[in-house]
Amino acid sequence: MKKALLIVDVQNDFLPGGALPATGGDKIIPYINKLVTGNFDIKVATKDWHPAVHGSFASTHHKKIGEHILLNGIEQILWPDHCVQGTRGAEFASGWDHHQIEKIFYKGTDPSIDSYSTFFDNKHLRSTGLGDYLKEKGITDVYVAGLATDYCVKYSVLDAHHLGFKTHVFVDACRGINVHPGDTEKAIEEMRTVGTEIIRGLPP
Ligand code: VGL
Ligand code: ZN
């Protein structure tokens, strides 16, 4: 068994005070700091990394935040501008000691499509390289934490599972955006249903 720790999108814009906050996102920072000191063979992180004009931004279409459109043929909910490349909002959360992270994978860089999963874009057309990276290193188990439970964590976990990794989620080291109340719990249930391990409480 070879274990990878995958920290998803722990960036300022997903914390309270940021552009697209996950509820209580700041609460996970001490937990994340502890996780990254843990016993994993590989520790990687992802960044949501959008160009200033992106198809998932309401501003790009002069529409309202939360509206749904068809983007490149697939349904897209419109977000506030967030995680724009080079801005403070796109930086790793201040307070997170991330020096143990050995590689960062970027997603959401193509303006014409969103990418919730840290493995593929939302059409599953382009890979971020993360899956191959983990396979080349002989990783069997992927442990996931970060933001947001109901978007990037969920889709990353489902893809990790479908790529054949035994997948585990530290749900108390995750928080959701909750566009609709209950989205976080629904996401946890979806992850559990496919057979991923839901870990509550502190890491072992
Ligand atoms: C995310 C919505 C839009 C996430 C990223 O990291 O969960 N959610 N972009
Ligand atoms: Zn985004």
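1. In this predicted model, Ser117 is in contact with Lys107, Asn122, Tyr155, Ser156 and Asp159, once its neighbours within four places in sequence are set aside. Ser117 itself is found in the loop between strand E5 (103-107) and helix H3 (130-136).

2. The polar atoms of the Ser117 side chain deserve a look in the viewer. The side chains of Ser117 and Asp159 are joined by a polar contact of 2.6 Å, and a polar atom of the Ser117 side chain also lies 2.8 Å from the backbone nitrogen of Phe119.

3. Is Ser117 buried or exposed? Its relative accessible area is 3%, and Ser117 therefore counts as buried, because the cut-off for that class is under 20%. Across the protein chain, buried residues make up 53% of the 204 residues.

4. As to the overall fold, the protein chain holds five helices and eight strands, which follow one another from the N terminus in the order β-α-β-α-β-β-β-α-β-α-β-α-β. Among contacts with a separation of 6 or more, 74% are between residues 24 or more positions apart.

5. The radius of gyration of the protein chain is 16 Å, which agrees with the value near 17 Å that a compact globule of 204 residues would have. The C-alpha trace spans about 50 × 35 × 30 Å along its principal axes.

Note on methods
Residues are numbered from 1 along each chain as its sequence is written. Chains are lettered from A and ligands numbered from 1 in the order in which they are written. This is a predicted model: local features need pLDDT of at least 70, side-chain atom pairs count only at pLDDT 80 or more; totals for chains, interfaces and linings use all residues. Side-chain values use heavy atoms; hydrogens and water are left out. Helices (H or I, at least four residues) and strands (E, at least two) are DSSP runs, numbered from the N terminus. The radius of gyration is taken over C-alpha atoms; the globule rule is 2.2 Å times the number of residues to the power 0.38. Buried means under 20% relative accessible area, exposed over 50%, partly exposed in between (1.4 Å probe, protein chains only). Contact means heavy atoms within 4.5 Å. A polar contact is a pair of N or O atoms within 3.5 Å; within protein, one must be able to donate a hydrogen and the other to accept it, and residues adjacent in sequence count only if both atoms are side-chain atoms.
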